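Here are my notes on this model, point by point. Please read them with the structure open.

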Amino acid sequence: MDEILKWIMANKEWVFSGVGVPIALGLIRYLLKVIESHNHREVVPSKVEHSVENAVAFYSVCAESYDDRNTNYLFETHHKICSEIRSVITEGKMHRILDLGGGTGKVIALSFSDSEKVEWTNYDLSDRMLRVYESHLRDAAMSTVSIRGDISAFEPSKFKSHYDVAILCFVLSSMKSLPDFLKIAEVIVDGGTLIISDGDPIYTLKKGGQFKISMHTQTQVLNLNPHNPVKIIENVCQAGFVLKSSSVINKGIDNINQDYSYILCFQKIIKS
């Protein structure tokens, strides 16, 4: 393209004479087509990968776009969790909910936003996620709290209250190892509920073990670390809980049934 422009300038007297005008117009039309083609060329997003050790960077970058990729199966999982929470809420009584790694609060927390008898605490490591959460719950009737903290280094001393329900929803596969459930148990009332949900490990691995979010010219990728639900149940029960119920959200893949996610509901043992 540069060579054509140089040639036109070097021969401008001839080009813009009566003889050269048709040739000049043809060259200009060609240049315009080249420029238009370049402007409409599909931009292939670059890929930025994150390990679970640096999951906070992934969630911080994607905070404002995080909910754009929510699927029907994810919504179905969230709605199941909401049903489990409602089953333990008693009308007229104040209930405190601790959402560990609650992210944007777009579905679960927002579902309880009209409940004046609910106090919802989002405990998340990403400041940007907490800001998005606060924007979603700005007009909520329920009381909302934001606490920045790392579930991997959970400190019960950060909490002034004890909670009736604690949630870990699609959080554990973003962690290198399981959290200390004994410490989490310290902030849950006796008889309180702990709900854990995540993507089914087999399904996660079938999908390449990656969580991807496309953003403009980049695709942000988190390399997941799925945990075995049986191991989770063992660890939670050792921390003083009993398993009340378990369920799955199932989807068909290539005409074969495949669990998309699991939901585990535990109750903290009441001390005598």
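1. Salt bridges come to eight in this structure. The model is a predicted one.

2. Glu49 is partly exposed, at 43% relative accessible area.

3. Look next at helix 5, residues 72-86, which holds both Glu84 and Lys80. They sit four residues apart, about one turn of the helix. A salt bridge links them, with 3.5 Å between the closest N and O atoms. How do the partners stand, buried or exposed in part? Glu84 has a relative accessible area of 15%, and because the cut-off for buried is under 20%, Glu84 counts as buried. Lys80, at 31%, is partly exposed.

4. Arg148 and Asp127 also meet in a salt bridge, 3.4 Å from N to O. Arg148 belongs to strand 4 (residues 143-148) and Asp127 to helix 7 (residues 127-136), so this pair ties together parts 21 residues apart in sequence. Both ends are partly exposed: Arg148 has 46% relative accessibility, and Asp127 has 38%.

5. Three strands make it up, in the order 1-8-7; it is open and its pairing is mixed. Strand 1 (46-50) and strand 7 (210-215) are the edges, each pairing on one side only. Neighbouring strands are turned by 20° against each other on average, direction ignored.

6. Which way do strands 7 and 8 run relative to each other? They are antiparallel, and six bridges join strand 7 to strand 8 (residues 218-223).

7. Helix 4, residues 55-62, lies across strand 1, strand 7 and strand 8. The helix runs at about 145° to strand 8.

8. Last, a loop residue. Where is Ser113 found? Ser113 is in the loop between helix 6 (108-111) and strand 3 (118-124). Leaving out residues up to four places away in sequence, Ser113 touches Leu137, Ala140, Ala141 and Met142.

Definitions and conventions:
Residues numbered from 1 in each chain as written. Predicted model: local features only at pLDDT ≥ 70, side-chain atom pairs only at ≥ 80, totals over all residues. Heavy atoms only, no water. Helix = DSSP H or I, 4+ residues; strand = E, 2+ residues; numbered from the N terminus. Contact = heavy atoms within 4.5 Å. Pairing = 2+ DSSP bridges. Axes fitted to C-alpha atoms, helices over the stretch in contact; angles between N-to-C directions. Salt bridge = Lys/Arg side-chain N within 4 Å of Asp/Glu carboxyl O. Buried < 20%, exposed > 50% of the residue type's maximum accessible area, 1.4 Å probe, protein only.
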